[in-house]
Amino acid sequence: MPCSLSIEKLRCEYQTDPVAIDVKHPRLSWQLASDQNNSRQTAYHILVADSIANLDQDNGTLWDSGKNRSDETIHRVYQGAALGSRQRCYWKVRVWDENDQGSAWSEMALWGMGLLQTADWQADWISADIEEDTSKPEPAPMLRTTFEVKGAVTKARAYVSSRGAYELHLNGERVGDAYFTPGWTSYHNRLQYQVYDVADQLLLGENALGAMLGDGWYRGYYFIDYNRNFYGDRLALILQLEIEYENGRVQVIRSDDSWRANTGPIRYADHYMGEYYDARMERTGWTEAGYDDSGWANVIVGSDSKDTLVAPCSAPVKNIEEIKPIKILTTPEGSSVFDFGQNMVGWVRLKVSGPAGTEIILRHTEVLDLDGRFYVGHLRSAEQKITYILKGKGLEVYEPHFTFHGFRYVEVTGYPGELTLDSLTGVVLHSEMAPTGHFECSNPLINQLQHNITWGQKGNFLDVPTDCPQRDERFGWTGDAQVFIRTAAFNFDVAAFFSKWLKDVVADQHDNGAYTWYVPNISHDPPHASAAWGDAGVICPWAMYQLYGDTRILAEHYVSMAGWIEYLVDVSDDDLIWRKGRQFGDWLATDREDLGTPEGLTDKDLVATAFFAFSTSLMARIASVLGKDKDVRSYSSLAGRVRQAFRNEFVTAKGRIGANTQTAYVLALAFDLLPEQLRASAAERLVANIRERDNHIATGFVGSSFINHVLSQNGYVDVAYDLLLQDTCPSWLYPVTQGATTIWERWDGQRPDGSFQTPEMNSFNHYAYGAIGEWIYKVVAGLSVDEDHPGYKHIIINPQPGGGLTYARLAHDSIRGEIVCGWELKELGWVLEVAIPANTTATVHLPANTLDQIDEGGGPLSESTGILSVDVGATETLVEIGSGRYQFTVSLPQ
């Protein structure tokens, strides 16, 4: 009997064949596939070798795990020989199925180790010895060197980082396809380097390396006091190219005082302001051997520390897709504007021919005003402007280097000749995250909402989870990230993305335990925190555990999370109510707009204390996962006392909570802060508030992420659907009816009369309200993770149709494989199609109270392969299934 399982998608630390990591005991994962139902893994065997030849001979020279009796396929910790810098590790795995039949070995995978010791860095930090006024953007430095290759090369790796952003070239060709490297981290604590295999770009004989540097996140503008140079005022490069020859010799090319420096066509580049590029000043051939750099300046060798250099743990920003404009508009002022039909993040590629010295200006924005004018008020001080000066030598093609924009519309002035749709191409940039989710239903407005959620994530997951991509902000606001992380993880594989960002959450944590408002932190403000924003330090690691089965992130962040709870105790009053500090409340709730504050009508100390209780209860659960029994008791006790304090302060004997707002009831119910006898009345009060508002939402960033979950969990699925389907302001579908292609920051970013909200705060690409996606996937389509079996080891399938929908379906490529769930109302009944990955199980909720109502695959459940158990209840039947594909049909009452 052959094995029922095949192995695919081998990964190390969430990455496919990572070139360089610095995790000394990396975790290995794989997925299983099978064409049979109820296929299970019962054992695995991992081999790790130091060469392909050894692995091909089944010789695990670094680690031979032997046959392990386990059904786990994720996060198997390497337990072999100690790994050193630069080491390459080749691995494969085989498994045994439910009949103890062994599979073939998987295809080979690999990972590489980075430079694990500071002493491994022989290169120096170098900067251009060119006078600068860093109070404003300056020309981009260009650094170059030459070297000779003598013989046949077997391997060549370049280890590169910078203070500022860098773009590397070797022998006239760009190295790698990533942008804004080395990425944005807490630079004072962690600075990533990248590793490139460049053997194929080397030439026998003379070679040349060149690097351009940009301000990037390191010394560019930040809206906090509109300052610059937050991390430092001098751009610098560190580069170490290690070349191995066939004869075993190793040659090291390093950044040192022999390099030369100059400036060139990039006269300035800034994330907010844009880029000024004078093509007449290009240094033709400057990254090739033979170029005359005798007139260039020297470099300055710096003494900056190398201790903070770390290997990357997340995919970089890349050109993910390209968009053609759909039309060219003429504004009332007579300017030409390209409409790309989609609010996006990135830049445009310009194609042009014309006389030397011709100046073209490209301005970018998200919206036109009611009269069709190019509207930039909401960008505040961000110019989002490209200036390109032609060199006048035939067709010129230009893309920016060290800036990005949030835009749908591009205004073009100064273009020589006739503009056509081919003159500009939109280039979409974001972190390279694999798409993992698809949802659709019978309502086209909800489908557009899903489109907007996805594009909001694309636009704001640019190395860090930013709040917005266009105005003079673009920060990693922690509150936005924590409300959206579960929706994000459905649509894209964000495991590595959030793993990287959460390291910086810890790195920027204040000594008193407070987490910062945004990460990386670019503020010198006193060390205080805000509820719901700071709580991301606990909520996000817990979500990573739930969605990806990642216990290591809980263990590595445990001390940090405990520090946050200690901070909450310290900052709260003796009665455990958190009243102190700057609080954002229920940010941008509409129930208090008339009072002139964006923080909502819900008492800020109510929001803060609710999250105090919630994070503390999560800590008790985290301690339980990690086997810290003493801490479980301590955090459970503290959570209980905070819960009681909440009741004493904010809940009346008859069940009125705080200011009687939607968010007050939502948080109390979502965080289990009420005695059982008051839960029903709290839900009733919430529904009454919604009905009084004619089925409109009044919550902000905080309440909106929970409100539909609370309604459906308390017997009001119909009300939740009413909120989802509401299409007048404020609602999720209102922006859709206004032509939005991303999620807005404010419910009324563009009012029904066509006017805009205040320009001080009105982003049209702001993913926080997209958190409704989690409820859509969980309730409308029916997929949720079983919190007792994280990482989709056991899956819950429980669609709750409503809202007049006739079908809904989704597919999600989880860490264990693809899950499919789709239902449709047909004449013969309610049809549910389910696909569960090999080596997992699921509980399927069916709306039937007798077995006679249900068939699977055209026959009774008793004849279905893969059915593990059936539990018939008064209102529904629970069917436990093993892996495989199923089609359930439920005959509905006529």
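Colleague: What makes His 510, Thr 516, Trp 517, Tyr 518, Asn 521, Ser 523, Asp 525, Pro 526 and His 528 the lining of the largest cavity?

Modeller: Lining residues have an atom within 4 Å of a point, on a 1 Å grid over the protein atoms alone; a cavity is a set of points where a 1.4 Å probe fits but cannot get out. Those nine names meet that for the largest cavity, whose volume is about 100 Å³. This is a predicted model, so local features need pLDDT of at least 70 and side-chain atom pairs count only at pLDDT 80 or more, while totals for chains, interfaces and linings use all residues. Residues are numbered from 1 along each chain as its sequence is written, and side-chain values use heavy atoms, leaving out hydrogens and water.

Colleague: Why is Ser 523 called buried?

Modeller: Buried means under 20% relative accessible area, exposed over 50%, partly exposed in between (1.4 Å probe, protein chains only). Ser 523 has 10%, so buried is the label. Leaving aside residues up to four places away in sequence, Ser 523 touches Phe 230 and Tyr 518 (contact: heavy atoms within 4.5 Å).

Colleague: And what makes Val 870 partly exposed?

Modeller: Val 870 has a relative accessible area of 36%, and therefore gets the in-between label. Val 870 sits in strand S44 (residues 867-872), strands being DSSP runs (E, at least two), numbered from the N terminus.

How values were computed. Helix = DSSP H or I, 4+ residues; strand = E, 2+ residues; numbered from the N terminus. 1 Å grid on protein atoms, 1.4 Å probe; cavity = no way out; pocket = protein on both sides within 12 Å on 5 of 7 lines; lining within 4 Å. Points joined across faces, edges and corners; volume = space filled by probe spheres on them.
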